[in-house]
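Hi everyone, thanks for coming. I'd like to walk you through a structure that is new to this group, so please take a look at the screen.

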Amino acid sequence: MSKEIVVSGIRSTGHLHLGNYFGAIQNYIKMQDAYNCYFFVADYHSLTTHPDPKDLKANVFRVVSENIASGLDPEKVALYAQSDLPEIPELYLMLNMNAYMGELEKVPTFKDKVRQQPDNVNAGLLTYPVLMAADILIHRAVKVPVGKDQEPEVFRFNNDTVKIMSLDGTGKMSKSENINATIYLSDDDDTIKKKIMKAKTDAGPTEANAVMPDYIQNLFLLMHLSSKPEIVDIYRSAYNNCNIRYGDMKKQLAEDMAAFVRPIREHATELQKDEQKLRKILKDGAEKARESASKNIAEARKLIGINYY
Ligand code: ATP
Ligand code: MG
């Protein structure tokens with residue numbers, strides 16, 4: 001039986017962070033054997049925020065290298081740049097004829113972007129979901145894994161994917177927002193420690209087994225993801241008994257998180273020095289992806305009547 005097709009993308013908007021890792025990449029890695037996976041760097045999507053042209057290439061190569069350093073195997077999946085598949089913008093154009101203004105204007109992420117960048121409400125932002133549809137349909141994917149920060153939920157390999165909040169408690173960790181409260185896979189030990197020591201806490205619970213505020217829950221989640229279970233248990237009991245010292249907890253978390261990120265950072269740095277290799281990975285990935293894209297775009301052309309010769 002042929003494997004089910006999965007598509008997912010990460011925008012080339014900056015450094016990858018713990019949210020991308022635990023919310024998306026870890027899920028990709030679990031899927032890479034059981035599914036026919038197409039994972040891409042969404043470089044066209046990142047143009048909606050008008051990045052500096054001189055940053056784009058490094059950002060694309062960074063996304064690729066940090067994915068591989070996290071454990072994604074380009075031999076098992078098609079790992080490619082969106083802009084290497086001309087079939088995607090072609091399908092996007094076709095789909096745009098069936099995408100209606102009224103609906104596009106109602107998309108919550110569009111409304112958010114209008115608030116965030118009122119001076120740059122470009123048509124690419126409005127039709128962003130149409131480009132996403134093209135990314136998916138170009139391979140006729142049946143499953144689309146996304147992180148928990150994206151609603152509606154579509155598909156996750158299992159239910160233990162998570163949403164990582166930013167350390168100041170104001171939103172989620174992100175490539176392009178909350179930069180000082182986001183831990184990046186490229187952060188050195190010292191930066192990680194500094195960021196964690198500055199994470200938002202409070203005076204501590206005043207009654208036993210109190211409900212945790214979001215920002216404390218997030219620290220426990222990060223600890224659960226990077227520390228030994230017995231360490232998490234110690235702090236959880238301390239919380240429940242109202243004698244937790246957040247300073248100590250953060251120190252421990254900083255150490256464990258730094259140890260967790262270190263090998264990924266080092267591997268990614270190593271890969272980034274070998275541009276030749278990254279280029280080859282992208283070229284091979286594009287070749288694999290174009291096999292399915294060219295078949296499906298031919299079918300789409302036929303379906304809408306572009307079938308002249
Ligand atoms: P940007 O700020 O440019 O939107 P981003 O950090 O939100 O960047 P995306 O490229 O939009 O990253 O998303 C890549 C993947 O990572 C998506 O599957 C998304 O759901 C997931 N993801 C992003 N941030 C988080 C987070 N804080 N927690 C869990 N998953 C996340
Ligand atoms: Mg995002």
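First, some housekeeping. This is a predicted model, so local features are given where pLDDT is at least 70 and side-chain atom pairs count only at pLDDT 80 or more, while totals for chains, interfaces and linings use all residues. Residues are numbered from 1 along each chain as its sequence is written, chains are lettered from A and ligands numbered from 1 in the order in which they are written, and side-chain values use heavy atoms, with hydrogens and water left out.

Now the overall picture. What is the chain built from, in helices and strands? There are 13 helices and 3 strands. Here helices (H or I, at least four residues) and strands (E, at least two) are DSSP runs, numbered from the N terminus.

The C-alpha trace spans about 75 × 45 × 45 Å along its principal axes.

How much of the chain is buried? Of the 309 residues, 46% count as buried. Buried means under 20% relative accessible area, exposed means over 50%, and partly exposed is in between, with a 1.4 Å probe and protein chains only. The accessible surface comes to about 16200 Å², and 52% of that belongs to carbon and sulfur atoms. Those areas come from the Shrake-Rupley method with a 1.4 Å probe, and for residues only the protein chains shown count as cover.

Contacts next, meaning heavy atoms within 4.5 Å. Among the contacts with a separation of 6 or more, 77% come from residues 24 or more positions apart.

And the charges? The chain has 40 positive and 42 negative charges, and their mean positions are 1 Å apart. Lys and Arg count as positive, Asp and Glu as negative, and His and the chain ends are not counted. Each charge is placed at NZ of Lys, CZ of Arg, CG of Asp or CD of Glu.

The arc is that of the directions from the helix axis to the C-beta atoms.

Helix H9 gives us a second case. Its buried residues are Asp189, Ile192, Lys195 and Ile196. Looking down the axis of H9, they fall within an arc of 135°, so they line one face of the helix. Helix H12 (246–273) is part of what covers them.

Now for the loops. Ser70 sits between helix H3 (53–69) and strand E3 (78–81). Is Ser70 buried or exposed? Ser70 counts as buried, at 9% relative accessibility. Beyond its neighbours within four places in sequence, Ser70 is in contact with Tyr21, Ile25, Ile29, Leu185 and Ile264.

Arg140, in the loop between H8 and helix H9 (189–197), has a positive phi of about 50° although it is not a glycine. Asn209, in the loop between H9 and H10, also has a positive phi of about 50° and is not a glycine. Asn209 counts as exposed, at 56% relative accessibility.Last, some distances. Asp284 is in helix H13 and is partly exposed, with a relative accessible area of 34%. Where is Pro74 relative to Asp284? The two are 210 residues apart in sequence and 8.7 Å apart in space, C-alpha to C-alpha. Lys54, in helix H3, is exposed with a relative accessible area of 66%.
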